[in-house]
Amino acid sequence: MRYISTRGEAAALEFDDVLLAGLARDGGLYMPERWPSLSLTGLSGLSYAELAVRVMAPFMGDGIAAQGLEKAAHEAYAGFRHRAVAPLKQLGSDRWLLELFHGPTLAFKDYALQLVGRLFDQVLAGRDERVTIVGATSGDTGSAAMEALRDRQAIQVFILFPHGRVSDVQRRQMTTLGASNVHALAIRGSFDDCQDLVKAMFNDRPFRDRMNLSAVNSINWARIMAQIVYYVWAALALGAPGRRVAFAVPTGNFGNIFAAYAALRMGLPIERLIIGSNRNDILTRLIRSGEMLMRPVEPSLSPSMDIQVSSNFERLLWELMDRDGAAVADSISRFRQEGSFRLDPDRAGRLGRLFSGHRLDDDGTLAVIAKTWRETGELIDPHTAVGLAAADAARLEAGTAVVSLACAHPAKFPDAVYRATGQHPALPRHLADLNERAERVSVLDNDLAQVEDFVAGRARLLGAA
């Protein structure tokens with residue numbers, strides 16, 4: 001399996017190289033040269049780790065990562081707090097909740113990053129290399145990456161997050177780890193600013209090469225690959241291929257729902273892909289109008305979705321444009337320069353046949369949290385509430401099992417949950433003392449030179465570059 005860039009100018013790479021590269025050298029995102037075919041025969045009854053190996057192996061070729069995949073998968077999911085790893089709960093007729101918060105940092109990002117961290121270790125050890133990882137987070141990727149990569153000798157990790165725009169629990173999960181190789185950088189700006197800084201560091205080729213940069217954001221294909229697994233897992237549990245299944249996903253950077261699209265392209269029978277947006281609804285507006293129009297980022301109760309530049313949409317755009325890298329590069333350039341671009345009617349129609357979208361404001365989010373608690377006894381976080389509202393708005397045919405992704409534990413957003421329900425969601429035991437732990441964080445301006453100087457100086461000090 002080889003990987004090619006969505007912008008068509010970077011060299012094709014094997015999986016191990018894509019894992020370490022993260023972003024392509026032409027600024028694009030790596031995609032598999034072809035979609036492997038997934039047969040559901042013989043997959044029912046496998047454990048989550050066993051299924052992960054079967055789903056991911058076709059993407060990995062025969063490199064170092066592939067040779068250690070089985071060991072990495074079993075180690076990655078052994079520590080999850082639920083025996084099923086990703087349990088399903090029924091909320092009503094044809095309505096299901098896929099709980100993706102049973103990993104160490106209580107968010108869906110653990111399902112990919114606990115595995116990806118181990119794959120990094122194996123490839124770096126096999127090559128006797130070191131890397132400097134830089135990433136941007138709107139809340140959950142940062143803590144999941146830092147937890148997965150803490151105390152690893154060949155890796156230094158620098159995570160950028162928007163200062164004052166993540167929840168207290170999300171911030172503390174990044175700033176209280178105490179590991180010398182992980183660094184939390186609070187940037188005075190939005191998540192989009194953080195993401196732009198990370199991309200700018202990768203596009204600064206002398207800096208990229210000197211620091212041997214790598215990425216754990218969902219710009220890294222390995223993240224998308226690992227997230228495909230839980231869509232297959234849920235569909236099998238609900239009777240696929242004999243039962244129609246749809247997925248509703250609270251969506252910001254488009255990586256999570258793109259993994260569902262990847263499962264669809266592999267052959268998983270999915271009736272509908274449903275996008276839930278908060279007030280930062282650029283994706284829902286795109287589906288309805290065919291125009292991607294950037295607006296200022298507005299803070300919300302679901303901060304992990306406070307995004308206007310959804311990086312992983314470039315992967316879907318590449319598919320919609322029939323894998324024409326030059327056309328993708330032109331569209332992305334116009335979007336960044338002018339703040340908008342429009343799909344032609346044919347591509348807009350193809351997008352609308354695959355996806356539906358729904359917008360939910362903060363008042364609506366609180367109402368869904370309250371309603372879910374009142375009717376089912378389940379406490380949900382604000383992002384999950386957005387996904388549930390989108391599932392209801394899709395109005396799919398009776399008999400279609402609609403799976404909403406519960407992407408974060410409610411205790412990560414206790415203020416919103418309490419406002420809606422009067423209940424204080426408790427942190428699991430391993431995080432019970434989180435509010436008492438000492439924090440370590442560096443606050444920096446939204447300035448590329450300042451961030452690069454910090455990364456280079458700290459990495460040199462600790463021997464990473």
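This is a predicted model: local features need pLDDT of at least 70, side-chain atom pairs count only at pLDDT 80 or more; totals for chains, interfaces and linings use all residues.

Visitor: Great, let's start with helices. How do α2 and α10 pack?

Guide: Their angle is about 120°, and the axes are 9 Å apart. That makes α2 oblique to α10. The crossing of the two is right-handed.

Visitor: Which residues of α2 and α10 meet there?

Guide: From α2 come Y48, L51, A52, V55 and M56. Facing them in α10 are M225, A226, I228, V229, Y230, V232, W233 and L236.

Visitor: And by class, what is in that contact of α2 with α10?

Guide: There are 13 nonpolar residues, with no polar and no charged ones.

Visitor: What about α5 and α6, at what angle do they pack?

Guide: About 30°, with their axes 9 Å apart. α5 is therefore roughly parallel to α6. This crossing is right-handed.

Visitor: Which residues make the contact between α5 and α6?

Guide: On the α5 side they are K109, D110, L113, Q114 and G117. On the α6 side they are D140, T141, A144, A145, E147, A148 and L149. The classes here come to 5 nonpolar, 3 polar and 4 charged residues.

Visitor: Let me pick Q114. Is Q114 buried or exposed?

Guide: Q114 is buried, because its relative accessible area is 9% and the cut-off for buried is under 20%. Q114 sits in helix α5, which covers residues 109-127.

Visitor: What does Q114 touch, apart from residues up to four places away in sequence?

Guide: With those set aside, Q114 touches A76, F80, P104, E147 and A148.

Visitor: One more pair, please. How do α13 and α15 pack?

Guide: Helix α13 takes in residues 313-320 and helix α15 residues 345-354, and they pack at an angle of about 120° with axes 10 Å apart. The two are therefore oblique to each other. The crossing is right-handed. F313, L316, E319 and L320 of α13 make the contact with R347, R350 and L351 of α15. Those contact residues divide into 4 nonpolar, no polar and 3 charged.

Visitor: Changing topic: where is R81?

Guide: R81 is in the loop between α4 (69-78) and β4 (88-92). With a relative accessible area of 35%, R81 is partly exposed.

Visitor: And what is R81 in contact with, beyond its neighbours within four places in sequence?

Guide: The contacts of R81 are F101, H102, G103, L106, H409, P428 and H430, once those neighbours are left aside. Taking L106 from that list, its C-alpha atom is 9.7 Å from that of R81, and the two residues are 25 residues apart along the chain.

Visitor: How far is the C-alpha atom of S47 from that of H74?

Guide: The separation is 9.5 Å, and S47 and H74 are 27 residues apart along the chain. S47 lies in the loop between β3 (30-32) and α2 (48-56). S47 is partly exposed, at 30% relative accessible area.

Visitor: Where are D151 and F254?

Guide: D151 is in the loop between α6 (140-149) and β7 (155-162), while F254 is in the loop between β10 and α11 (255-266). D151 is partly exposed at 47% relative accessibility, whereas F254 is buried with a relative accessible area of 2%.

Visitor: You mentioned peptide bonds. What is the peptide bond from A240 to P241 like?

Guide: That bond is cis, with omega near 5°. P241 is found in the loop between α10 (221-237) and β10 (245-250).

Visitor: Last one: how many disulfides are there?

Guide: A search of the whole structure finds 0 disulfides. A disulfide is a covalent bond between the sulfur atoms of two cysteines. As for individual cysteines, C194 is buried at 0% relative accessibility, and C407 is buried with a relative accessible area of 4%.

Visitor: Thanks, that was a friendly tour!

Conventions
Residues are numbered from 1 along each chain as its sequence is written. Side-chain values use heavy atoms; hydrogens and water are left out. A disulfide is a pair of cysteine sulfur atoms within 2.5 Å. Buried means under 20% relative accessible area, exposed over 50%, partly exposed in between (1.4 Å probe, protein chains only). Axes are lines fitted to C-alpha atoms, for helices over the stretch in contact, and angles run from 0 to 180 degrees between N-to-C directions. Helices (H or I, at least four residues) and strands (E, at least two) are DSSP runs, numbered from the N terminus. Angles under 35 degrees count as roughly parallel, over 145 as roughly antiparallel, 65 to 115 as roughly perpendicular and the rest as oblique. A crossing is left-handed if the near helix is turned anticlockwise from the far one by less than a right angle, and right-handed if clockwise. Contact means heavy atoms within 4.5 Å. Ala, Val, Leu, Ile, Met, Phe, Trp, Tyr, Cys and Pro count as nonpolar, Asp, Glu, Lys and Arg as charged, and the others, Gly among them, as polar.
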